[in-house]
Structures are given as structure tokens and as C-alpha cells.
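This report describes charged side-chain pairs in one protein model. Please consult the sequence and structure shown below.

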Amino acid sequence: MRIITVKCLDDNFSYILINEESNNACVIDPGESKPIIDIIIKEKLNLKYILNTHHHGDHVGGNLDLKEKFNCGVIGFNKDKNNIPGINIFVKDKELYQNNDFEFTTYHTPGHTKGHVIFHFHIQNLLFTGDTLFSLGCGRIFEGSYDQMFNSLKLIKNFSKDTLIYFGHEYTFQNSKFCSHHDPDNGKLKNKILEITDKLKKNVPTTPTSLKEELDCNIFLKCKDLNSFSKLRELKDNF
Ligand SMILES: [Fe+2]
């Protein structure tokens, strides 16, 4: 499987996943359609599916255009069916979805929104975390509770350490400032900041990251209990 990271809108990431045998593709969280269409045409791909992690406009903005142009299916969480434009394939929490081209499991990770999900492509061990987990940060709590978000992050922490994490926004540099403010002596964090600064200087996205690096460096994954997580999340909202 080949992955193309597509920058959308101001700081969103969409991902085009390609089965290289069939040239069939799916796109995760198309915030807008234009950059996706350009790549589908240039690479001569067949866009078969759209997958959405949650209903926010900057993740679903391209759905209807793409669905109309390529006649692709729109896959989302069954409990979010009234919120995701064009949805016509419904997946449940912990459901394995398989077809000839792709195979992934959906996990419900409420907090940022009530119906947020993440997608795990277990053969390649890739996790698409949308706005639940970012590199060096986590999503803001809009619809859900601190408790839900804390548990959603706990679920992610239980994947294997070599899982590659593909997240929804290029917030890494801003997030790194908050992490180093609260964890100033973390040598691994210092190294990670050097790496991401170098990437950003070259205009290279900081996605993907690995779960191991996030466990080492992401201060939200280091919180031991709900109380400390909630305090930290509030501090970040005002940082
Ligand atoms: Fe969002």
C-alpha cells in the first residue's frame, strides 16, 4: 500500500491510500476536494472510498464533490450517520471492514466529537487518528468529556509501539512548545523537536509519527489519571 499525504485547507492532512496492485484508492478526511481530485487524475487512480474520522467541516468538506465525481462510497461511524455528508457505508466500533483492496478496523474514540473514530490498517500497522491524537498533542474537547478523551487516548496507547500514527493537523510545532514547557528535561522530546523543526524548514509534513515517539514525548500520553489530564488539557486550551 502506498500513502500520499495531502495538505488541505490551512493545516489539515488528508491521506490517499493506494492498493498498488489494483490502483484503487481511498481517501481519509478530505477537507476539500480540489487537491484530492488533482492527485487522483495525475496518478490515474480509481477513488473507491472516502473514510471520515469525524463530521467537522475541515475533514468532510470534500465528500460530496468527490462522491459525485468518482461515484465512491463514503464510510463513517454508524452513530454519526446524520452528520457526515454523503455517508452510505456504516461501520461499528471495533468492526473489521474488508474488501478486495483495503482492510481496516474502526475504533470509537469520543472526546473531540461524540462520534469520532480512528481507523487501524492492521496489515500495515497504520493508525489514522484524525483529531483524537496529534503528534505531541491531542484534540480539543468539543462535544465529548475529558473522561471520554482520556479513555480514547488510553485505547491508542495500547496499540503496538511501532504503530505509525497519521494525524489530522499540522499542529506539531505549536504542540512541541507546550510539551517542552511542561517537560523541559525530556531528552527524547528535545531530539524530536530538532527533527520536526528540520522537516518543517524543508516544508516536509511532520506526519506520520510513531506510537513509541508519542509515548516518549507527548505529554498528554504521560498523564497517569483523569484529573491531571483534564488540568493539562485546560492549560493547553489557553496556552
Ligand atoms: Fe475536528
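Is glutamate 213, at 28% relative accessibility, buried, partly exposed or exposed? Glutamate 213 counts as partly exposed, where buried means under 20% relative accessible area, exposed over 50%, and partly exposed in between (1.4 Å probe, protein chains only). The model is predicted: local features need pLDDT of at least 70, side-chain atom pairs count only at pLDDT 80 or more, and totals for chains, interfaces and linings use all residues. Residues are numbered from 1 along each chain as its sequence is written, and side-chain values use heavy atoms, with hydrogens and water left out.

A salt bridge is defined as a side-chain nitrogen of Lys or Arg within 4 Å of a carboxyl oxygen of Asp or Glu. By this rule there are 12 salt bridges. Three of them are listed here.

| Glutamate 213 | Lysine 192 | 2.6 Å |

Helices are DSSP runs (H or I, at least four residues), numbered from the N terminus. Lysine 192 is buried, with a relative accessible area of 5%.

Within helix 8 (residues 226–237), aspartate 237 and arginine 233 are 4 residues apart, which means a separation of about one helical turn. Aspartate 237 is partly exposed at 26%, whereas arginine 233 is buried at 3%.

Terms used
Helix = DSSP H or I, 4+ residues; strand = E, 2+ residues; numbered from the N terminus.
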